Amino acid sequence: MIDFRSDTVTTPDDRMREAARDAEVGDDVYREDPTVAELESRVAARLGTEAAIYCPTGTMANQIAGRVHTERGQEVLADRKSHVVKYELGGFADLAGLQVRMLDTDRGVPTPEQVEAGLVEEGLHRPGTGLLCLENTHNARGGLAIDPEKIAAAAEVAHENDVPVHLDGARVFNAATALDVPVAEIVDPVDTVMVSLSKGLGAPVGSMLAGSEAFIDEARRTRKLLGGGMRQAGIIAGPALCALENVESLATDHENARALADGLDEIDGFDVQPPETNIVLADVAGTGLDTAAVLERLEEQDVLATAFGPTTVRFCTHRDVSAADVEAALERIEATF
Ligand SMILES: *Cc1c(COP(=O)(O)O)cnc(C)c1O
C-alpha cells in the first residue's frame, strides 16, 4: 500500500521506539516528567516563545487557545476554509461559546483590510472580536506556505485593535522549510501557535501550544479541564523529541510532492495545483468520475488518497513514502486512467 492519505499515517521508527522505552518519566500533571519538560522547553526555544505545553492533539491545542484567548460570546475571525472552521466539530462554538466570522481569503490569510472590515466592536448589540485565527501551511487550500509578512500584516491590524492572534501552525515547519525562513520568524508576529509533531515530523502522538508564560499557565488549566492532563507522558514525549530532529526531511517530502504533482498532471483527466509543500490537490473532473470513484480505482492499485471535495483528491507526502513509491504510484495511476 502506498499511503498518501495524510502525513499523520507515519509510524515511529526504531529510534523513536527506543526513546519511548528509555524515557525518564514522572507524573506530568504534577510537572514531574522530565522528558515532557525537556520537550516543552526545546519547542519554546525553537519557536522563540516564552513557554510551550504538550497536548495530545492539535485540535485540543487549537481549542485551548480559542478558549483561553477569549470570553464566551465573542467572535473569532478565521478563513472560511481553515481547519478550525472545517474540521474541529465546531469546537469554538461548542467549547468556548464563540461565533466564527468567516473570511473569504485569497491564499488562506486575510489582508489587513479584510481583518479591519471583519473586526466587530463590542457594544449593546455586538459581541466584540476576541481572536484572529490564522493557519500556516494552509491545509484545505493545498498546503500553501504563507509568507511571514502576510501573517505580520494581518496580526498588526488585530493587535492595533487589542485582538490577540493565534496561528494554527500544524505544519508551520513545512512552511518554514518551503519559504526558507526560520520558523521563529513566522511565529514572531502572533501571540500563540499550535505545532503538530505527529504529522510530517513523524511523532506517534502530540502537538505543542506555545506562547507567553502567563498564557501557557492558563492553557495548562484548560488542558486539564478538557481531559488532557497526562501522567507519565514522557513515554510519548521521548519520540516527540526525536521528531524535532526530522525537520530537514520535510524538504524531501516537498520534492516528492512536486514529482507526484508533475506526474499526475500529465495523466488524462487530472488537473493539479502546483504544490508549495507536501500537499497535492488534484481536480479529477476531467476523468468523468467523481472523487469516490477515483479513490476506489486508486485503492484497487494499492494507492490511498483522501477525498477533498466532489472532484478533488488530496495526496499528502510524508516520511513513509519515498521517491520510488511516488514513481510506482504514478505508474499504477497512469495505467488505470
Ligand atoms: C491536523 C491539523 C490539525 C489538528 O491536529 P490533530 O492532531 O489531528 O487534532 C489542526 N490544524 C491543521 C491545519 C491540521 O492540518
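This is a predicted model: local features need pLDDT of at least 70, side-chain atom pairs count only at pLDDT 80 or more; totals for chains, interfaces and linings use all residues.
In Thr-59, a polar side-chain atom lies 2.6 Å from an oxygen atom of the ligand. For Arg-171, an N or O atom of the side chain is 2.9 Å from an oxygen atom of the ligand. On its own the ligand has 390 Å² of accessible area, and the protein covers 85% of this area.

Helix α11, residues 234-243, packs with helix α2, residues 34-47. The axes of these two helices are 8 Å apart, and the packing angle is about 35 degrees. The crossing of α2 and α11 is left-handed. On the α2 side, the contact is made by Thr-35, Val-36, Glu-38, Leu-39 and Arg-42. On the α11 side, Gly-234, Ala-237, Gly-238, Ala-240 and Leu-241 take part. By class, this contact of α2 with α11 contains 5 nonpolar, 3 polar and 2 charged residues.

Helix α11 also meets helix α1, and here the axes come within 7 Å and cross at roughly 145 degrees. The crossing of α1 and α11 is right-handed. Helix α1 contributes Arg-15, Met-16, Ala-19 and Ala-20 to the contact, while α11 contributes Ile-235, Gly-238, Pro-239, Cys-242 and Ala-243. The residues of this contact divide into 7 nonpolar, 1 polar and 1 charged. Gly-238 of α11 is listed in the contact with α1 and is likewise listed in the contact with α2.

Some loop residues have backbone features that can be noted individually. Arg-31 is found in the loop between α1, residues 14-22, and α2. Although Arg-31 is not a glycine, its phi is positive, at about 60 degrees. Asp-162 is another residue other than glycine with a positive phi, in this case near 60 degrees. The place of Asp-162 is the loop between α7 and β6, the latter covering residues 165-168.

A cis peptide bond runs from Asn-136 to Thr-137, with omega near 0 degrees. Thr-137 lies in the loop between strand β5, residues 129-135, and helix α7, residues 148-160.

Methods:
Residues are numbered from 1 along each chain as its sequence is written. Side-chain values use heavy atoms; hydrogens and water are left out. A polar contact is a pair of N or O atoms within 3.5 Å; within protein, one must be able to donate a hydrogen and the other to accept it, and residues adjacent in sequence count only if both atoms are side-chain atoms. Accessible areas come from the Shrake-Rupley method with a 1.4 Å probe; for residues, only the protein chains shown count as cover. Axes are lines fitted to C-alpha atoms, for helices over the stretch in contact, and angles run from 0 to 180 degrees between N-to-C directions. Helices (H or I, at least four residues) and strands (E, at least two) are DSSP runs, numbered from the N terminus. A crossing is left-handed if the near helix is turned anticlockwise from the far one by less than a right angle, and right-handed if clockwise. Contact means heavy atoms within 4.5 Å. Ala, Val, Leu, Ile, Met, Phe, Trp, Tyr, Cys and Pro count as nonpolar, Asp, Glu, Lys and Arg as charged, and the others, Gly among them, as polar.
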